[in-house]
Amino acid sequence: MNVPVDEGLLLSMLLKIMNAKKTIKLGVFTGYSLLATALIIAIDPDKEAYQIGLPFIQKAGVEHKINFIESDASPVLNHLITNGKQEGAFDFAFVDADKESYIKYHELLLKLIGGIIAYYNALWFGLVVVPEEDNIVELSRHTKKCRIELNNFLVTDPRIESSLISIGDGLTLCRLICW
């Protein structure tokens, strides 16, 4: 699912307010959110999805601001921390990748981000509040569980302050307050 227009506009405005210079994006899909978060390292194992949106990125004139890396996110994040000496070097991260890895990504991103981490799909189509006994397909049930685990983890993480915004499919913004 693409990031909705209102969420893309919010992200774009937030980055301008922050005066973000260096951002990272985990999960690219068709690239719409890349237009809102240019100046970026974009990581996704599916280059074909990125290439679907590439004509729009080129038309917007921001292709030169995007370093697309075809890979799973964890190895790239670990490399940026250990070999790239990038701790605290990024102003913003937008996470829209494999949902079961968000907590793992959170731990790595806390080392890289000096500003805000945004997590997409925090409400998972509203399923995070649907009773467990309701008829939900297995994939959605698994992703719902991952979303609830992430939301519970973030709200109790003493290193950050967070806000879950009910825009689009839910957007959680996190700011590091102590390490």
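## Tour of a predicted model

The crossing of H4 and H5 is left-handed, meaning that the near helix is turned anticlockwise from the far one by less than a right angle (clockwise would be right-handed). The model is predicted: local features need pLDDT of at least 70 and side-chain atom pairs pLDDT 80 or more, while totals for chains, interfaces and linings use all residues. Residues are numbered from 1 along each chain as its sequence is written, and side-chain values use heavy atoms, without hydrogens and water.

**Stop 1: the helix pair.** Select residues 73-82 for H4 and 102-112 for H5; the two pack at an angle of about 25° with axes 10 Å apart. H4 and H5 are therefore roughly parallel, a term for angles under 35 degrees. Axes are lines fitted to C-alpha atoms, for helices over the stretch in contact, and angles run from 0 to 180 degrees between N-to-C directions. Helices (H or I, at least four residues) and strands (E, at least two) are DSSP runs, numbered from the N terminus.

Next show the side chains of Ala73, Ser74, Leu77, Asn78, Leu80 and Ile81 in H4, which meet Lys104, Tyr105, Leu108, Leu109, Lys111 and Leu112 in H5; contact means heavy atoms within 4.5 Å.

Stay on Lys104 in H5. Its relative accessible area of 47% makes Lys104 partly exposed, where buried is under 20%, exposed over 50% and partly exposed in between (1.4 Å probe, protein chains only). From Lys104 to Ser74, 30 residues apart along the chain, the C-alpha separation is 8.1 Å.

**Stop 2: the sheet.** Colour the seven strands of the open sheet in the order E3-E2-E1-E4-E5-E7-E6; the pairing is mixed. Strands pair if DSSP finds at least two bridges between them. On average, neighbouring strands are turned by 15° against each other, direction ignored.

**Stop 3: strand E1.** Select residues 23-26. Thr23 and Lys25 on one side are buried, as are Ile24 and Leu26 on the other. In a regular strand, side chains alternate between the two faces of the sheet. E1 pairs in parallel with E2 (residues 40-44) over four bridges, and Thr23 stands opposite Ile40. Four bridges also join E1 to E4 (residues 90-95), again parallel; there Ile24 has Ala93 as its bridge partner.

Stop 4: Move to E6 and E7 (residues 171-176), antiparallel and joined by six bridges. Glu161 stands opposite Arg175 in E7.

**Stop 5: helix H1.** Finally select residues 5-18. H1 lies across E1, E4, E5 (113-120), E6 and E7, at about 170° to E4.

Conventions
Angles under 35 degrees count as roughly parallel, over 145 as roughly antiparallel, 65 to 115 as roughly perpendicular and the rest as oblique.
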